[in-house]
Amino acid sequence: MTAILTRPAWTTDLELEIFDKLLDKYAPHIPKKRAQEPRSPETDEERENFYRFRVAGAAHDLFIVQVCAKIIDSFADPELQLFLSRQIGDDGAHAQNTRLRAQAISGHDPIEDIQKQVQKHWDYMGDLPIRNWQGFLAFELHYELHIVALLFINSRTSKINDPDSAKFAAERILPDEAVHRLGVVDWWQRKFDQASPAEKEDLIAQVIEADEEGQRRRNPYLRDHWQLSQKAIGIEIDDLPVLYDTWRQEVLSYFLDIPISRLPKLVSVND
Ligand SMILES: [Fe+2]
Ligand SMILES: [Fe+2]
C-alpha cells in the first residue's frame, strides 16, 4: 500500500480541521464562526471600494479561465481535460456573476476594469502558468488551494457584502471551488502515484521549485489584495501572513506526502 492510501482524503472537512488548528496556534482571537452578519456598502466611498474588490474577484476568476483555456489542449490526458473544462465553465460563471453584481452596484459595466486587472495577473505571473505542467500545477495550487486561508478569514470576519453576491457564493461558488480543489489534488495524485520512489523525489523537488516561483511572483499582489479586502469588506488581516504561510505549508505537505518538518524553508508572503 502506498503512503497516499493511508492518508485521509482531501475534503472540505479536512480543510476546516487544518485551518482551525492553525487558528488555535497562531490567531486564537479570530472567531471560529462569523460574529456579525455583513451589511451592504452604504456610502459612495464604501460602494467604490466594494466595486474595486468585486472587480478583483472577477479578474481572479477570468484569469483562471484564460490560463486553463490556453493550456487545456497541451495535455493529452482526457481526465484532466474534463476537469479543466468544468473549471473553465465554473470560474467563467463566477466571473460573469461578479461582473453583473459590480455593474448593479456601480451603474456601469466593469468589463474593461476587470480585463485590466486580469492583465496584471499575466504581467506578474509571466509564463509560469502555461510554461509546463509544473508551472501550471503551481498556478492551480496558488489560485485554488493556497488562497483558502484568505477565504476562511473572509467568511468569518468580513463586515460588508452584497446579499445577492453572498447568495450566489453560498449556492454556487463554494461547492464549485471545493470540486476544483479536489480536481487539482486528483490530477496530481494520479501523476504522483505512478512514480517510483526515486521519481517521486524528483517530482517533489520540481513542484516545490515551481510553487516557490509562484509565491515570489504573487507576493506584491497578495499584500495589495489583502489591503483592499480590509478596506472594502473590513476583514482582519493582521494575522493573514502567518496563516497564509502555514496554510501553504500544510497544503504542500499533504500534496507531496512529506511532513512539514521535511519541507525546505519556504518563501514567505512577507518576503
Ligand atoms: Fe471561481
Ligand atoms: Fe476555481
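In which hand of crossing does helix 1 pass helix 10? In this predicted model, helix 1 passes helix 10 in a right-handed crossing. Two packed helices are described by the angle between their axes and the distance between the axes. For helix 1 (residues 12-26) and helix 10 (residues 240-256), the angle is about 140° and the axes are 10 Å apart. Helix 1 is therefore oblique to helix 10, since angles over 145 degrees would be needed to count as roughly antiparallel.

The residues that meet can be found in the model. Helix 1 brings I18, F19, L22 and Y26 to the contact, and helix 10 brings V242, L243, T246, W247 and E250. By class, the residues of this contact are seven nonpolar, one polar and one charged.

Helix 3 is the next element to follow. Helix 3 covers residues 78-106, which is 29 residues. From its first C-alpha to its last, helix 3 reaches 41 Å, close to the 42 Å expected at 1.5 Å a residue. After helix 3 comes G107, which has a positive phi, near 85°.

Which residues of helix 3 are buried? They are F83, L84, Q87, D90, D91, H94, A95, T98, R99, R101 and A102. An α-helix has 3.6 residues a turn, so residues three or four places apart point the same way. The buried residues of helix 3 pack against helix 2 (44-71), helix 4 (111-125) and helix 8 (163-193).

Of these partners, helix 8 can be described in more detail. The axes of helix 3 and helix 8 come within 10 Å and cross at roughly 160°. Because of that angle, helix 3 is roughly antiparallel to helix 8. Helix 3 passes helix 8 in a left-handed crossing. On the helix 3 side, the contact is made by L80, F83, Q87, D90, H94, N97 and R101. On the helix 8 side, the contact residues are D164, S165, F168, I173, D176, H180, G183 and W187. The residues of the contact between helix 3 and helix 8 divide into five nonpolar, six polar and four charged.

Helix 8 also holds A166. Is A166 buried, exposed or partly exposed? A166 is partly exposed, because 15 other C-beta atoms lie within 10 Å, and a buried residue would need 20 or more. A166 and L150 are 16 residues apart in sequence, and their C-alpha atoms are 16 Å apart in space.

Terms used: Residues numbered from 1 in each chain as written. Chains lettered and ligands numbered in written order. Predicted model: local features only at pLDDT ≥ 70, side-chain atom pairs only at ≥ 80, totals over all residues. Helix = DSSP H or I, 4+ residues; strand = E, 2+ residues; numbered from the N terminus. Expected span 1.5 Å × (residues − 1). Buried ≥ 20, exposed ≤ 12 C-beta atoms within 10 Å, placed from the backbone. Contact = placed C-beta atoms within 7 Å. Axes fitted to C-alpha atoms, helices over the stretch in contact; angles between N-to-C directions. Parallel < 35°, antiparallel > 145°, perpendicular 65-115°, else oblique. Left-handed = near helix turned anticlockwise from the far one by under 90°. Nonpolar A, V, L, I, M, F, W, Y, C, P; charged D, E, K, R; others polar.
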